[in-house]
Amino acid sequence: MDGGVINGSSSVCMIKLKSNDASIMISDLSKTSSSLSSCRFSKTMASLSSSAEAAAGVKQQQLSGDSFIRPHLRQLKPYQPILPFEVLSTRLGRKPEDIVKLDANENPYGPPPEVFEALGSLKFPYIYPDPESRTLRAALAHDSGLESEYILVGCGADELIDLIMRCVLEPGDSIVDCPPTFTMYEFDAAVNCGSVIKVPRKKDFSLDVVRITEVIEHEKPKIIFLTSPNNPDGSVISDDVLLKILELPILVVLDEAYIEFSGLGSKMEWVKKHENLIVLRTFSKRAGLAGLRVGYGAFPLSIIEFLWRAKQPYNVSVAAEVSACAALQNPDYLEKVKVALVQERERLYKLLKEVPFLNPYPSYSNFILCEVTAGRDAKKLKEDLAQMGVMIRHYSNKELKGYVRVSVGKPEQTDILMDCIGRLS
């Protein structure tokens, strides 16, 4: 063959024959052409197969949004807050002012008039708040008698509960909870990847100090949360019991959200002599500022240093700080409201004692826990009162099955509550 040309880009094959070997050459050429075509086909199929496999792989690797969420949070049960006025109004078909709201331990009298004046004359709402809340901490130091360097302010005491856990708990660490009590402790522990060791209270809602001691010695938990007065039963912790627990190797967080109604003094100053004590307070109950979210805590200096590092810089709004400072400017009003609520608590307790299917517990707070007896259903009692425009708290957890909690309101609210209960009787 002389000058044979194969045009790879065409199906034409030009051949010039020179010998009798032409048939052999054509045969070889035919095999070569067939081989090339087969190779191209194989490569094409391989490429298609590879693309299909890659596409399948991409499909398998596509992630849903929740795959980015930390595993323990996917199992988290959300906290169940009390419904706000707006939602209650829609559900019940009543105006907010026609609802007797006795389900969230709010202060029905609201804040002092100075708070409304301060909010109406805010000069710099467009400027970030003081990250150290210096003015409010100075006012709290004057109010409590504890120096401001021991005080940290938060967006409600709830923020400080979470902040403490973020600073203290490693994943897997545990806290001691003494139910029935404020459920935020258990909730925040779950958020912070901590576990909860429950030491239930006794039948009279007092602490089981013996069992608490055993748990702390054997399980080595990091924090114990104690509430005095306790929510939801209103019992208080004696100094002797608190001192026994403070002797144990654990951080004690004492929640005094309702201390003003107890007639007892705060333990804020104790943080100066107990390195393992934190005391939390709030403006929600005493000063009627639940909607503005202002809480504060007293901390040992060896602890507060690290909370300052970890807290959000602008956690207390300008409106919240101004309102809290204004409330502290009128201690006479705060005292008058406290006395009114304590007096109404005693009146409410006596009235509830007369209801044949209720067993109220004595309380040092601004609420009263009642056991629902005589075969009555606690949840139905709550629902029936709601249909009449009166809201009380019902519990679904096992420790409080068959109980309701009633917040102390104004005298006229108590009268409406008792009238509705009478109609249900």
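The points below take up the backbone, the sheet, a pair of glycines and a pocket.

1. The model is predicted, and the remarks that follow should be read with that in mind. As background for the first points, most residues other than glycine have a negative phi, and most peptide bonds are trans.

2. The bond from Pro 179 to Pro 180 is cis, with omega near 0°, and Pro 180 is found in the loop between strand S5 (174-177) and helix H7 (184-191). Ser 228 and Pro 229 are likewise joined by a cis peptide bond, with omega about -5°, and here Pro 229 is found in the loop between strand S7 (223-227) and helix H9 (239-246).

3. Asn 105 is not a glycine, yet its phi is positive, at about 60°. The residue is found in the loop between strand S3 (100-101) and helix H4 (113-120), and because its relative accessibility is 1%, under the 20% limit, Asn 105 counts as buried.

4. The loop between H7 and strand S6 (195-198) holds Cys 193, another residue other than glycine with a positive phi, near 60°. Is Cys 193 buried or partly exposed? With a relative accessible area of 22%, Cys 193 is partly exposed, since buried would require a value under 20%.

5. Asn 192 lies in that loop between H7 and S6 too, but with a relative accessible area of 14% Asn 192 is buried. Leaving aside neighbours within four places in sequence, Asn 192 is in contact with His 72, Asp 162, Met 165 and Arg 166.

6. Seven strands form an open sheet with mixed pairing, in the order S4-S10-S9-S8-S7-S5-S6. Strand S4 (151-154) and S6 stand at the edges, and because each has a single partner strand, one side of each is left without a neighbour in the sheet. From one strand to the next the twist averages 25°.

7. Within this sheet, S5 and S7 run parallel and are joined by two bridges; in one of the pairings, Ile 175 has Ile 223 of S7 as its bridge partner. Helix H5 (residues 134-144) lies across S4 and strand S10 (295-298), and runs at about 120° to S4.

8. Gly 93 lies in the loop between helix H3 (85-92) and S3, where it is exposed, with a relative accessible area of 66%. What is the distance in space between Gly 93 and Gly 389, C-alpha to C-alpha? The two are 9.2 Å apart, although 296 residues separate them in sequence.

9. The second largest pocket has a volume of about 370 Å³. It is lined by 18 residues, of which Asp 143, Ile 259, Glu 260, Arg 281 and Arg 286 are the closest to its centre.

10. Which helix gives the most to the lining of the second largest pocket? Helix H12 does, with four residues, while H5 and H12 (331-353) each supply at least two residues of that lining. By kind, the lining residues of this pocket divide into seven nonpolar, four polar and seven charged.

Notes:
Residues numbered from 1 in each chain as written. Predicted model: local features only at pLDDT ≥ 70, side-chain atom pairs only at ≥ 80, totals over all residues. Heavy atoms only, no water. Buried < 20%, exposed > 50% of the residue type's maximum accessible area, 1.4 Å probe, protein only. Contact = heavy atoms within 4.5 Å. Pairing = 2+ DSSP bridges. Axes fitted to C-alpha atoms, helices over the stretch in contact; angles between N-to-C directions. 1 Å grid on protein atoms, 1.4 Å probe; cavity = no way out; pocket = protein on both sides within 12 Å on 5 of 7 lines; lining within 4 Å. Points joined across faces, edges and corners; volume = space filled by probe spheres on them. Nonpolar A, V, L, I, M, F, W, Y, C, P; charged D, E, K, R; others polar.
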